Amino acid sequence: MSVTAAKGFTAAGIAAGIKANGNPDLALVVNTGPRRAAAGVFTSNRVKAAPVVWSQQVLADGELTAVVLNSGGANACTGPQGFQDTHATAEKVAEVLSAGGAEVGAGEVAVASTGLIGLLLPMDKLLPGVEKAAAELSEHGGEKAAIAIKTTDTVHKTAVVTEEGPGGGWTVGGMAKGAGMLAPGLATMLVVLTTDADVDSAGLDSALRGATRVTFDRVDSDGCMSTNDTVLLLASGSSGVTPKQDAFTAAVREVCDDLARQLIGDAEGASKDIRIEVVNAATEDDAVEVGRSIARNNLLKCAIHGEDPNWGRVLSAIGTTRAAFEPDRLNVAINGVWVCKNGSVGEDRDLVDMRYREVTVTADLAAGDESAVIWANDLTADYVHENSAYSS
């Protein structure tokens with residue numbers, strides 16, 4: 001049930017008419033309490049969409065009652081009018097929820113948008129859509145909400161983890177969208193996570209940043225960072241259970257990891273999921289930098305699409321980084337076959353079996369004992385077609 005798996009949340013997903021094709025395009029998630037704690041991480045792109053600016057502001061006090069999300073338009077690079085439209089959207093959500101007796105202010109509503117950059121949203125459709133979504137709020141509305149935030153996604157993405165403890169059970173659930181412009185920046189798409197654990201905003205923030213650092217921030221599909229990336233975590237406290245912080249962080253990480261893998265699996269045009277593991281690095285930062293460089297090497301991505309274990313392209317990617325290593329000590333394995341040893345020819349590359357969806361590239365820097373994993377995907381003609389056909 002995605003964002004409604006945790007107690008204390010309702011959600012809805014409807015077609016407001018924002019998308020010309022009539023598909024669902026507006027989602028609403030509401031925290032019914034008793035707690036309203038929240039935390040968020042956002043794109044580090046210096047060009048930020050109006051909803052990102054708004055949501056960063058309203059999260060300053062660590063509380064949210066609702067999140068409204070639209071697909072079909074990013075509301076990015078739309079000037080003062082775009083920010084006014086974001087404010088009006090939050091005001092409308094507050095108005096319709098307050099009409100039901102909730103007494104919600106616009107400052108308790110986060111806004112997220114996704115779609116083409118540079119287009120104003122059709123507010124004459126969006127605002128009535130908010131009313132329609134509010135009327136359809138349900139404890140079973142999580143899946144519909146997940147469907148409504150899709151853009152080029154071929155499938156909707158949800159994940160749930162439930163934990164049992166001495167004080168009772170609690171749940172973390174979530175939904176995500178994203179198939180293109182997937183590159184690290186905290187975060188890499190739109191995500192809403194919910195929990196019925198009784199955790200304050202500081203605990204949520206710590207868990208969310210700890211989880212996203214090693215999940216969403218290590219997904220690198222195409223090296224393109226969005227203007228709208230948003231990940232929100234809301235706590236209702238409805239379970240009455242306050243888990244230990246490490247257990248809570250682990251559960252949030254598990255949900256984030258699940259969603260991140262789904263994003264890579266649905267990346268635009270992809271036919272291979274690439275797990276890039278960098279081992280024996282001097283520092284974790286070195287391992288991450290090398291992993292990203294390998295993930296963004298288009299020649300390697302094309303080779304993997306063609307099922308060619310071209311380890312030379314891995315070495316050339318490593319060589320562009322500032323990481324500590326000696327070229328004649330580098331080792332590279334593809335699907336467990338060490339095709340490069342000590343910076344030169346290793347095992348017979350014909351031993352590498354690349355027929356299956358997942359491909360593992362292991363880069364051994366022989367410089368320390370730190371490691372990191374980056375997830376990427378291959379570069380295909382379908383990716384080029386989709387991004388040349390997807391225009392305004």
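Mentor: Start with a definition: a crossing is left-handed if the near helix is turned anticlockwise from the far one by less than a right angle, and right-handed if clockwise. Keep in mind that the model is predicted.

Trainee: What is the handedness of the crossing where H5 passes H6?
Mentor: Helix H5 covers residues 201–213 and helix H6 covers residues 245–265. Their axes come within 8 Å and cross at roughly 45°. Angles under 35 degrees count as roughly parallel and 65 to 115 as roughly perpendicular, and H5 and H6 are therefore oblique to each other. As H5 passes H6, the crossing is right-handed.

Trainee: How many nonpolar residues does the contact of H5 with H6 have?
Mentor: H5 contributes Gly203, Leu204, Ser206, Ala207, Leu208 and Ala211, while H6 contributes Gln245, Phe248, Thr249, Val252, Arg253 and Cys256. Sorted by class, this contact of H5 with H6 has four polar residues and one charged residue. The nonpolar count is seven.

Trainee: Is H1 oblique or roughly parallel to H2?
Mentor: The axes of helix H1 (residues 50–58) and helix H2 (residues 79–99) come within 8 Å, with a crossing angle of roughly 50°. A roughly parallel pair needs an angle under 35 degrees. Because of the angle, H1 is to H2 oblique.

Trainee: Which residues of H2 make the contact with H1?
Mentor: H1 passes H2 in a right-handed crossing. From H1 the contact takes Ala50, Pro51, Val53, Trp54 and Gln57. Taken together, the residues of the contact of H1 with H2 are six nonpolar, four polar and no charged. On the H2 side they are Gly82, Phe83, Thr86, His87 and Ala90.

Trainee: H2 also meets H3, so how many charged residues are in the contact of H2 with H3?
Mentor: The axes of H2 and helix H3 (residues 123–135) come within 9 Å and cross at roughly 25°, which makes H2 roughly parallel to H3. The crossing of H2 and H3 is right-handed. Asp85, Ala88, Thr89, Lys92, Val93 and Val96 in H2 meet Met123, Leu126, Leu127, Val130, Glu131 and Ala134 in H3. By class, the contact of H2 with H3 has eight nonpolar residues, one polar, and a charged count of three.

Trainee: On to the backbone: is the peptide bond from Gly33 to Pro34 cis or trans?
Mentor: Most peptide bonds are trans. Pro34 sits in the loop between strand S2 (26–31) and strand S3 (37–42). For the bond from Gly33 to Pro34, omega is near 20°, and the bond is cis.

Trainee: What is the phi of Asn280?
Mentor: Most residues other than glycine have a negative phi. Asn280 is placed in strand S10. Although not a glycine, Asn280 has a positive phi, of about 55°.

Trainee: Which element gives the most to the lining of the largest cavity?
Mentor: The count comes to one cavity of 30 Å³ or more. Strand S10 (273–281), helix H7 (284–295) and helix H8 (298–305) each supply at least two residues of the lining of the largest cavity. With three residues, the element that gives the most to this lining is H8.

Trainee: How much space lies in the largest cavity?
Mentor: The lining of the largest cavity consists of Ile274, Ile276, Ile294, Ala295, Leu300, Lys301, Ile304, Val361 and Ala376. By class, this lining has eight nonpolar, no polar and one charged residues. The space in the largest cavity is about 30 Å³.

Terms used: Residues are numbered from 1 along each chain as its sequence is written. This is a predicted model: local features need pLDDT of at least 70, side-chain atom pairs count only at pLDDT 80 or more; totals for chains, interfaces and linings use all residues. Side-chain values use heavy atoms; hydrogens and water are left out. On a 1 Å grid over the protein atoms alone, a cavity is a set of points where a 1.4 Å probe fits but cannot get out, and a pocket is an open set with protein on both sides within 12 Å along at least five of seven lines; lining residues have an atom within 4 Å of a point. Grid points are joined across faces, edges and corners, and a volume is the space filled by probe spheres set on the points. Helices (H or I, at least four residues) and strands (E, at least two) are DSSP runs, numbered from the N terminus. Ala, Val, Leu, Ile, Met, Phe, Trp, Tyr, Cys and Pro count as nonpolar, Asp, Glu, Lys and Arg as charged, and the others, Gly among them, as polar. Axes are lines fitted to C-alpha atoms, for helices over the stretch in contact, and angles run from 0 to 180 degrees between N-to-C directions. Angles under 35 degrees count as roughly parallel, over 145 as roughly antiparallel, 65 to 115 as roughly perpendicular and the rest as oblique. Contact means heavy atoms within 4.5 Å.
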